[in-house]
Amino acid sequence: MDLVEGLEFIRVLLCFAFLIYASVSDHRKREVSNMVWVWFAPLGFALTITQFWLFESASVLRLYAFSVLATSALAILLFYAGAFGGADAKGLICLALTLPVYPEKLFFKPLFPEASPFSCFFPLMVFFNAVLMAALSVFYVLSRNLVWKIRTGRKLFEGVEHESLVKKFLTLLCSYKTRLDVLEKKKFLYPLEDFEEDESMGSRRKLLVFPVDEKREEILGRILKFMEGKPRESYVWATPGLPMMIFIFAGFLVSLFLGDLVWNLVVWIFG
């Protein structure tokens with residue numbers, strides 16, 4: 001292994017170490033200390049600049065810069081849109097600073113080397129693979145709802161039959177029936193239903209399209225109030241707060257060893 005291969009290998013190991021630590025932290029506490037990024041960003045950037053300064057041409061610097069800027073813009077946009085947490089955005093930016101392009105000088109190649117529009121921009125490939133990994137969790141949620149219906153023999157949308165088909169479909173894809181006492185205990189479960197006052201019908205249940213983190217306790221309080229007197233084993237719709245850092249780490253591994261799965265999937269379907 002020569003010096004340039006060694007530098008790339010160290011950068012990959014750096015990403016692996018910080019991302020796996022951030023994933024474990026995100027899973028356990030749903031937050032990642034800012035100290036992770038305080039160390040990750042400068043170390044990764046220093047290694048990238050060192051490799052560029054010693055071995056790369058000026059044209060590669062433009063590629064590096066575009067990759068970092070595009071990834072940072074996407075991460076910040078998703079953060080302010082509410083689709084990304086702060087740790088997710090910082091993790092993606094740190095990844096871009098450390099590995100702005102695919103580490104081609106390593107001793108292995110991805111299993112699916114099909115060129116894609118994002119082949120040059122490794123962090124964007126990681127992002128799209130991470131989204132694909134997160135989307136696969138839908139199958140877990142659907143199977144859990146199916147098992148619940150078979151086991152209990154009850155209607156999935158009992159009490160919210162008045163809601164639209166679209167709302168029911170979205171609820172079915174991203175949440176599952178959870179016992180009320182379990183929802184109370186698990187802070188990373190968010191209710192996807194609420195109660196509202198209706199002038200003609202009194203209080204009634206309604207489905208929520210998106211979980212609202214900062215209003216969890218408020219919504220849970222209303223649910224407990226309106227379901228007072230009912231068994232604590234009553235079921236409500238709830239969704240787990242997805243630890244996106246885990247999917248970013250999974251996207252990193254998939255991109256490194258398999259390649260751009262999203263693009264290969266598109267080519268396979270439409271090619």
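Predicted model: local features only at pLDDT ≥ 70, side-chain atom pairs only at ≥ 80, totals over all residues.
I take buried to mean under 20% relative accessible area, exposed over 50%, and partly exposed in between, with a 1.4 Å probe and protein chains only. I number residues from 1 along each chain as its sequence is written, and side-chain values use heavy atoms, with hydrogens and water left out.

**Entry 1: overall picture.** I counted 11 helices and 5 strands; these are DSSP runs (helices H or I, at least four residues; strands E, at least two), numbered from the N terminus. The C-alpha atoms fill a box of roughly 75 × 45 × 30 Å along the principal axes. Of the 271 residues, 43% are buried.

**Entry 2: Arg216.** Is Arg216 buried or exposed? I found Arg216 to be buried, because its relative accessibility is 4%. Arg216 lies in helix α9 (residues 216-226). Its side chain reaches the backbone oxygen of Leu189 at 2.7 Å. Beyond its neighbours within four places in sequence, Arg216 is in contact (heavy atoms within 4.5 Å) with residues including Leu183, Glu184 and Tyr190.

**Entry 3: cysteines.** I looked for disulfides (pairs of cysteine sulfur atoms within 2.5 Å) and the count was 0. Cys94 is buried at 3% relative accessible area, whereas Cys174 is partly exposed at 30%.

**Entry 4: aromatic rings.** I counted 14 aromatic pairs; rings of Phe, Tyr and Trp (its six-membered ring) pair if their centres lie within 6.5 Å, and planes under 30 degrees apart count as stacked, over 60 as edge-to-face and the rest as tilted. Phe66 and Phe121 form a tilted pair, 5.3 Å centre to centre with 50 degrees between the planes. Phe66 lies in helix α3 (residues 58-80) and Phe121 in the loop between α4 (86-98) and α5 (122-135), so this pair ties together parts 55 residues apart in sequence. Phe66 is partly exposed at 47% relative accessibility, and Phe121 is buried at 14%. I noted next that the ring centres of Phe122 and Phe252 are 6.1 Å apart and their planes stand at 75 degrees, so that pair is edge-to-face. Phe122 in helix α5 and Phe252 in helix α10 (residues 244-257) are 130 residues apart. Phe122 is buried at 0% relative accessibility, and Phe252 is buried at 0% relative accessible area.

Note on methods: Polar contact = N/O pair within 3.5 Å; in protein donor to acceptor, adjacent residues only side chain to side chain.
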